[in-house]
Amino acid sequence: MEIHFTGVIIAISTFLIIGFFHPIVIKVEYHWGTRYWWVFLVLGILTIVGALCVENVILSSVMGVVGASLLWSIGELFSQKKRVEKGWFPMNPKRKDEYSPIDPDETLCPVHHGKSKYARK
């Protein structure tokens, strides 16, 4: 009986890549906001096109997952901005003018009893 590790390697790689992109989105939004969403788009497209050109199944799969994660991160970047506006994540004080004011009753943040830390007074 032969054991094939290809599926397990791809699964573990996918798990690690998704976990890797979560803090990247948070840090990018904190430091630069959503203005660099296009970098995720370009890198995602390039990585997916590169995955089409690679013959190795594992490498091609990992590149495809990285490309898809980069493209998915675009939406997460804009969602992260909303989460910051709701007070679920810290706001960069240097960029506080880039956020829309939130109505105090608009969020259901469990940490702040349903009120946003950054809501209008």
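Me: Which residues are linked in a network of salt bridges?

Reply: Glu 29, Arg 35, Arg 95 and Glu 98 are. First, some ground rules: this is a predicted model, where local features need pLDDT of at least 70 and side-chain atom pairs count only at pLDDT 80 or more, while totals for chains, interfaces and linings use all residues. Residues are numbered from 1 along each chain as its sequence is written, and side-chain values use heavy atoms, leaving out hydrogens and water.

Me: Why is the contact between Glu 98 and Arg 35 called a salt bridge?

Reply: The term asks for a side-chain nitrogen of Lys or Arg within 4 Å of a carboxyl oxygen of Asp or Glu. Glu 98 and Arg 35 have N to O at 3.7 Å, so the pair qualifies. Glu 98 also meets Arg 95, at 3.2 Å. In total, the structure holds 5 salt bridges.

Me: What makes the Glu 98 and Arg 35 pair a tie between parts of the chain?

Reply: Glu 98 lies in the segment after α3, and Arg 35 in the loop between α1 and α2 (37-53), so the bridge joins parts 63 residues apart in sequence. By contrast, Lys 82 and Glu 85 both lie in helix α3, 3 residues apart, or about one turn. Their closest N and O atoms are 3.5 Å apart.

Me: Why are 3 helices and 0 strands counted?

Reply: The elements are DSSP runs: helices are H or I, at least four residues, and strands are E, at least two. From the N terminus on, the order is α-α-α. One of the helices is α1, at residues 6-32.

Me: Is Arg 95 called buried or exposed, and why?

Reply: Buried means under 20% relative accessible area, exposed over 50%, and partly exposed in between (1.4 Å probe, protein chains only). Arg 95 has 6%, so it counts as buried. Glu 85, at 2%, is buried too. Glu 98 is partly exposed at 37%, and Arg 35 at 45%. Buried residues make up 30% of the 121 residues in the chain.

Me: What kind of aromatic pair do Phe 20 and Phe 21 form, and why?

Reply: Rings of Phe, Tyr and Trp (its six-membered ring) pair if their centres lie within 6.5 Å; planes under 30 degrees apart count as stacked, over 60 as edge-to-face and the rest as tilted. A search of the whole structure finds 3 pairs. Phe 20 and Phe 21 sit 5.9 Å apart, centre to centre, with 85° between the planes, which makes the pair edge-to-face. Phe 20 is exposed at 52%, whereas Phe 21 is buried at 10%.

Me: Why is the pair of Tyr 36 and Trp 38 called tilted?

Reply: The centres are 6.4 Å apart and the planes make 55°.
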